Amino acid sequence: MTFRAKLFWVFTFALLLSVGMIAAGVTVVTRRAFEDLNQQHSDALVQQFQREFERRGQEIVHRVQGIADAEPTVRMAIDLNRPKSDVSIYVNDARGVSKAHQLDILDFAGNDGSIISSAEWPARFGYKLGWVTQPEDWPARGAFLMKAETPEGPTLALVSVATVRVGDNNVFVAGGQRLGREFLASLVLPQGMRALLYLNLDPNFQPTNLLDANGSANDAERFAPIVQREQQQPGEQTASINWTSDPATAENFHALPLEGRQKELLGVLLVGNSQREVAVLENRIIWLALAVVGLGLLIGSLLSWWGAARVTRPVRELAEGAHKVAAGNWNAHVNVHGGGEIGQLGRAFNQMTQQLIEQRERLVQSERVAAWREVARRLAHELKNPLFPLQTTVENLQRAKEQSTDQFEEVFRESTGILLSEIENMKAITTRFSDFAKMPQPELGPVNLNEVVRSAIKLFEAQFGAVGRPPITPELHLEENLPTIQADPALLHRALENLILNAMDAMPAGGVLMLRTAHANGDVQLEISDTGTGLTPEECDRLFTPYYTTKQHGTGLGLAIVQSVVSDHGGRITVESETGVGTSFHIDLPNHPPRREPSIPITFEKEKAKEGA
Amino acid sequence: MHTLAEKIAGAAGSTHEISLDVKNISTLSPLEATAVGRELQRELNRRGLLLTRAFQSEAQVQVTFSDRDGGRLLIFEFRHGTEHQINFIPAPRVSALLNDGPREALTLTAKLVWEQPERVLDFLVFDGIPDLQSNLLVVEADRLAFYHLTDSRWIAVRAIPIPRFRPAPRDLRAQIDVERNEIRLPDAQCSGRVTNADEIRCRSLGGTKVWWMSGAYFPGHEGSLMTILPQKCGEGKFILASGMGDWTQPDSLQPFEQAQSDMPPVSAGNTIYFDGPILSLVADKGDDAIRVVVHNLKTGNYEAYIVTATCSH
Amino acid sequence: MKSLDAGAAVASPAEADGRDQLNALVLDRRAGDGMPPLIAPFKMAEWEPGKHATLVANDDASGGRPFVASVQVEMGRTARDRTLDLELGKADLAEIPVEQARQAADRGVRVSLSQPDELLALVFPAGRAATEDARVREAPAAAIDRASIVNFILQKNGEAAGGLLPQWSSGTAFLFPTAADPDRAKELWTQIASAPKLTLRYDSGDPLEQSVAERIVVNAREAGISVTAQALQAGAPAAGVDGLLMRLRMPSPAPRAALVNFLSVLGPVANIDASPLPDPATPQDIYDRERAAISSGRVAPLVWLPQAYGLSARVRNWKAPGPGETWPLADVWLDIPPSPESEKEKQ
């Protein structure tokens, strides 16, 4: 995948990720905000309910106390305190009083709790309200919830009790209002909220006991789990009801237990929050997010493509320049303008290549100088050997001439012979130098390295088993189907000869000469190993230095030639050796040697003149 | 009554011991119903039935006096084991239920003798001659006051203080006992001929005696003042009884006759009414006059009456 | 009342009774053979059916001219309005519901009560599967607290009823127990395998019946018996109800006549023996027939109701009519306080 494509996908992914995260974040925040708002609304409604509850309770306490303090009630209490008083005359009093004081529930009860008059159930006179005679500080109790019996069945009511005490006897006034539809209708509800009241008058859930502001609530059965949980474990809790598969129809309910005087669960207030707004808003957010993502993708694609192009072009140029440099073209120059890191990188690249070129020139120059110095040294070293006897011979001649003519002839004959020999030696040295200098460029063609190896071994077969020397056993491990390579067979042969010769020289006591070919990663590999004396690591380092030799004889150019041939073929040669064990040369030759840049011509005045001559 | 007794005896059969419960839900007065009940007991006894308590009897008889349209009804229920009989006997007026003849009756008359705002506990008109009763002794809370009738007016002649070391009890009463020549109060006593002011000496008793007032009692008249009348208009005993109200209500006097000691007294004469409660009712032996002290609620005065009872025939 | 015509239809038994009362006041009656007719004490001066009638004294009335010169009769007024008329002095005489008599008296109205001559009874119509089991009838009847109904609902103007005839008429009513026995009621009800839920109907226009019905529901509930009270339009057929309240007015003080009348009404409804009684009937005959009717369990007498009348302060010599009797308006006079003019004349 190109950098531009990667950059495009990165931009796109970043955009998607950011938009998605933003959308998700907004959704979560919005949902939480709504939940908080709903919770606030619920809390507010619960508080409103509690305030209204309290207000009604206080009102009921006030009214009931007013009834108890009223003269007719006091007279009734006084009258009932007399022996043989007639309680029947008061049997109808409660109804009128309850209507006057707007109470749904009103009972007058005697000292033993017997109902004197009942507004909500007039026929219950004479029966006992046992609970009203329980030891209780009724004024301190205030208003409380209780289950009131009516002809239509039990109902929930907010009730207060006042006591009229005359002598040792009490008349109890228990009055209150039903808690039901009317109470719910009195609550002010924000949009999307509703309140329901479950009257817990039966041990089992009864759908008809669930009321809303209009009466019996619809779909009451859906509330059964909430109510049953409340019945088992009273406490504030929340639950959600999904009315349909559409989440917009869901409602969150906050359940608040309503307890009676003895902490028994008498009712459950359910405050419902519609989730429609949240769902709609979430839907909008999602659609908006999708639109933004889509638009963002489009814009992002364009931007990222343009941005990637802008960003990657200098990078691409840099890449191309680096590629050129890697290919050997150190003259690569990138056109990167502008500031920023890319610009700096481009300028640094150009600077680097320039420096590389300069350094290479300097290196080449210094190598050339070093090579010339080495050549000079070597030449001096080589020439010094024959020059000394030459000098000595001439001095001998001079002395002989000076001393005696008889000896001069002999000396002249000996000396001329030495002079001619040394001159031949010097001619050989110069020839070798000349040969090394005239190493030809490889002429590439398809070559099967196995054949080159076999050819070279065949050349030395006679010498491997020569009389008077320990035998050397050649072992060939040539890979079949070795691919052909583009190479110069003659140069390869020559290099191979030098390596075989070196191996033979390293095994004066005989041994094994192993040649192996293989191919891997597109390269052809040649290994030449001997079981000779081996080389030290220092010797390995200098092995390919021209004129370096460990032998008594030789110019030390053999391995340099091998290295030169290998290098000309674009290959690589390494050596492994262990003293006393042997030495292995590893040559890797590519399938196609790279095009060699022409060498920087060495401009030496003298050599030119010589060649011209 | 005979019919009823016969029916009961017939229902009892060989049973000799029965319990009898008489219930009255008719307009018969309680006294009349009781009288009839006792008559029935006698009739049953004559028929050899022994009346015992319910838990001791072999059979239970319940007799109910009831009223119905057009007359009275006697219902008797006979229970013997699981047997339960109900019989009905139409009955006439109660007078026919009783075998007694017509009763004697008394006529009461009352004459106001004295009235005063101060409280009167008892009084006595004396001089021994009923037609010339020219002296009056009035026992008040703190004194004995003597009056003499002059020109048809009572003139005060003497007052003798009643000594006390403590305040008088709330329920202060007094009774002049002519026979014993003493005047009794709860916390004092005056001795000497009550008709002679010079002889009377009063002293404080230091404490308070429980005062016995009524000389008679019968059921249904608890709280009444009663006295036995000395009159003899027949074999029975005559009792004069006040009403059963308290001191805030007007009162009355009614005579009753108790034919036999084991029978309840029955009304035996007219009733006289007063405008206030009767505070004292005394009949001395040998004196036909009954002394009555009334607190007139309308005037506030204390009134002294002499009530006389005469036989109607 | 719409018409004085005896054959004309009336809206209610009360209207029929009112018509009969007016008839007795304005219509001459035949006396015995050879006797002159009984001339009615009043003549009808104005007649607005169902609303108003004016009676004027008949100078030729048998027994003498009535003491009052005329009587204005207003019809169709509610009980509350009638009581208010009395309190405000707009009426001299008014029928008032017996359960309101005491309250009216407390407010200063003079109240005259007749002998209790109207029976309020709980009747179980025949032909209902739910009440075929005698225990289903007996249990709720045993639970009823008649004393409370008399003391509280009737405000002590009435008597608990155990039999079909009142004590003052038969003399034997006390032989029929009236006390509630809730323990017996519970025991009977628990014996019933699948105890039904009973419906008790009452006249929707009768507050007394409603109060009594509601009290019966409470009494029954305390004994574990499920009874619900429902209002029924007056005159609606009794079919399809488990129990209903009925008011039976005695047509005569004579026990036989009253009992025969009651049985003729109850017989078809509750399948009670309504065969004729001997004439004359002994107290034993009457008692036995009463006992048989009560023992069937189809009728449970509840209370005896007197008729209550409110009188203004000036009405004198009013005696509440007994069963079969008419309003004695001819014997009533008004004690009118002397006017200042007449006092001056006297002086």
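The contact between chain A and chain C takes 10 residues from chain A and 11 residues from chain C, two residues being in contact if their C-beta atoms, placed from the backbone, lie within 7 Å. On the side of chain A that touches chain C, seven residues are nonpolar, two are polar and one is charged; here Ala, Val, Leu, Ile, Met, Phe, Trp, Tyr, Cys and Pro count as nonpolar, Asp, Glu, Lys and Arg as charged, and the others, Gly among them, as polar.

The model is predicted, so that local features need pLDDT of at least 70 and side-chain atom pairs count only at pLDDT 80 or more, whereas totals for chains, interfaces and linings use all residues. Residues are numbered from 1 along each chain as its sequence is written, while chains are lettered from A and ligands numbered from 1 in the order in which they are written.

The secondary structure of chain C comprises 11 helices and 14 strands, taken as DSSP runs numbered from the N terminus (helices H or I, at least four residues; strands E, at least two). Of the 347 residues in chain C, 41% are buried, that is, with 20 or more other C-beta atoms within 10 Å of their own. Among the contacts in chain C with a separation of 6 or more, 64% join residues 24 or more positions apart.

Within chain C, helix α5 (residues 146-153) and helix α8 (residues 207-222) pack at an angle of about 140°, their axes lying 11 Å apart. The contact is made by Ser148(C), Ile149(C) and Ile153(C) of α5(C) together with Ser211(C), Val212(C) and Arg215(C) of α8(C), and its residues divide into three nonpolar, two polar and one charged.

Notes: Axes fitted to C-alpha atoms, helices over the stretch in contact; angles between N-to-C directions. Buried ≥ 20, exposed ≤ 12 C-beta atoms within 10 Å, placed from the backbone.
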